[in-house]
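Subject: Structure for your review

Dear colleague,

I am handing over the structure below for you to look through. My notes on what was found in it follow directly after.

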Amino acid sequence: MWKSARDAEVSTRRKTFAEVQTERLEQAERTILIKCPPKINEKKLLQYLSSHGKINSHFFFENRGIHALIEFSEKNSIASLQDVIGIPSATEHHVVPFKSRLFIFTLKNPVGQAAAETPIHLSPQSHIPVKDLIQKLCGAESISSQMYTLLNEYQLTEENIKLRFLACSLVRDFARAYFPDSVVKPFGSSVNTFGKLGCDVDMFLDFHKTGKHTTKMKKGPFEMEYQMKRLPSERLATQKILSVIGDCLDNFGPGCVSVQKILNARCPLVKFSHQPTGFQCDLSVSNSIAIKSSELLYIYGCLDSRVRALVFSIRCWARIHGLTNSVPGAWITNFSLTMMIMFFLQKRSPPIIPTLDQLRELADKEDQHIIGGYDCSFVSDFSKINPTKNTETLDVLLCDFFEYFGNFDFRKNSINLRKGKEVNKPESSPLYIWNPFEQDLNISKNVNQPQLEKFVALARESAWILQKEDKTLRMVNKEPWGLAALLIPFGKSNPNKIKNRMKGIGSETIKSLLDSLKKLDS
């Protein structure tokens, strides 16, 4: 049942990445966010708002109080509403008179109006706790259905996606005060089909429309172009733009708090917390290659129902065992781990997803993109990609993933998604994963040897648990089984086993060092 339902979902999700982005951004421009009183009459609120235009959709959620997201069918409905909205009185604080699409709704007679109130349905904006998830997984019929259950609980909801695009649209309102042609778009986990409820919003300021006008206006013997500020480098221009937008959000942005300008990073950005939506946001300036990475993952996530289920399960497993972390450090990132899963799926027989080179061969003229000297071309039309003939279950794939990487020769081999095969490491980083587009970059350069050894040990332990466990006996004893058994830190239940596996890996590393020393001596 689960598989057919997921396959049906995948078969309907055939819009290109660009089509989805355009549709969502346009939808966000017709959307407002209202902070509501604790007791709210949903019918009366919608009735009042409908006087300004037809409402396409709405939902309520809890975040420092009740909020309502309202999507109108026409953008001019918002202008109509803004015409009658009051400006807060400056009795206690002086207000910055920026008119956004964030409103506060209050009741003039709260006691009388709340009396006949029925409870409103609140849309969840975060996933269930792990202990509740494990309990739910134990009642599933198979590991495959456990994995689809986890996916269903953790993936971004339709409502949460709308909220993410609205957050970008609200930031864009500020950017357009300076750059009228600019757009603010989300990228990364918010749009690549692998985002989980509660993840940060990565957004970028795009001047793509401005770039379309770079050809000079020519008419007769004349040439015309804009006078613009000229700076010695693109990086400096990016820093100046972000500095101004960061100050703007900090000083005038309703609900924008904890604004940090991190302008000297490799990729300059502004970090801030957007209180009305509850998101932690990172704003950068056009990063075309990051967008292509998001699109590539979007395609992989849409091609087969098993891809996302496997990614969500393994990322949840990695987080619980401390292999990944939201704070930067020497551990494997979610992006690196996702690329390892994609590589594993390319290696199946027959492959479940195509290599990047295969996708590039299917690209037409419109799909050709050279960015910063790197070939970022690949097909965007799903109908040109043949579906896989692989019929392996998720039970098999999960166990084989752990076995494959538990025995992968990381000392010698690197992971290359363009080719879909192991390639000799070009340098000595413990884990080497080729950037799919910037082929001279290792996306896992931050990972150190102890972290890689921990990953291998836990992968081996997980494969061993899945191969050896007796599901029926565990269910009789009311013990977690299958995926649920992997989501409990192993050290709590079997510390000796994991220590032995870690020792095994440590001795392999020492052996390889001794071998290399012998070679140097000879």
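Aspartate 173 counts as buried, because its relative accessibility of 19% falls below the 20% under which a residue is called buried. Please bear in mind here, and throughout, that this is a predicted model. Aspartate 173 lies in helix H8, which covers residues 158-178, and, when residues up to four places away in sequence are not counted, aspartate 173 touches Phe98 and Arg101.

Serine 144, placed in helix H7 (residues 143-154), is likewise on the buried side of that cut-off, with a relative accessibility of 15%. Leaving aside neighbours within four places in sequence, serine 144 is in contact with Thr393, Leu394 and Asp395. The C-alpha atoms of serine 144 and leucine 394 are separated by 5.0 Å, although these two residues are 250 residues apart along the chain.

On the surface, Tyr48, Val84 and Ile85 form a nonpolar patch whose accessible area comes to about 260 Å² together. Of these residues, valine 84 belongs to helix H4 (residues 76-84) and is exposed, its relative accessible area being 53%.

Threonine 193, in the loop between strand E5 (183-187) and strand E6 (201-206), has a positive phi near 80 degrees and is buried at a relative accessible area of 14%. Serine 258, found in strand E9 (residues 256-262), also has a positive phi, of about 50 degrees, but serine 258 is exposed, with a relative accessible area of 57%. The peptide bond from serine 349 to proline 350 is cis, with omega near -5 degrees, and proline 350 sits in the loop between H13 and helix H14 (356-361).

As to confidence, the chain averages a pLDDT of 88, and 86% of the residues score at least 70. Among the elements of the chain, helix H13 (residues 334-346) has the highest mean pLDDT, 98, whereas helix H20 (residues 495-521) has the lowest, 46. Over residues 501-514 the pLDDT stays under 50, and the model has 16 contacts for this stretch beyond four places in sequence. Residues 516-522 also have a pLDDT below 50, and that stretch has zero contacts in the model beyond near neighbours in sequence.

With best regards

Note on methods. Residues numbered from 1 in each chain as written. Predicted model: local features only at pLDDT ≥ 70, side-chain atom pairs only at ≥ 80, totals over all residues. Heavy atoms only, no water. Patch = residues over 30% accessible without salt bridge, like charges linked within 9 Å, V, L, I, M, F, W, Y side chains within 5 Å. Areas by Shrake-Rupley, 256 points an atom, 1.4 Å probe, with all protein chains shown as cover. Salt bridge = Lys/Arg side-chain N within 4 Å of Asp/Glu carboxyl O. Helix = DSSP H or I, 4+ residues; strand = E, 2+ residues; numbered from the N terminus. Buried < 20%, exposed > 50% of the residue type's maximum accessible area, 1.4 Å probe, protein only. pLDDT = per-residue confidence, 0-100. Contact = heavy atoms within 4.5 Å.
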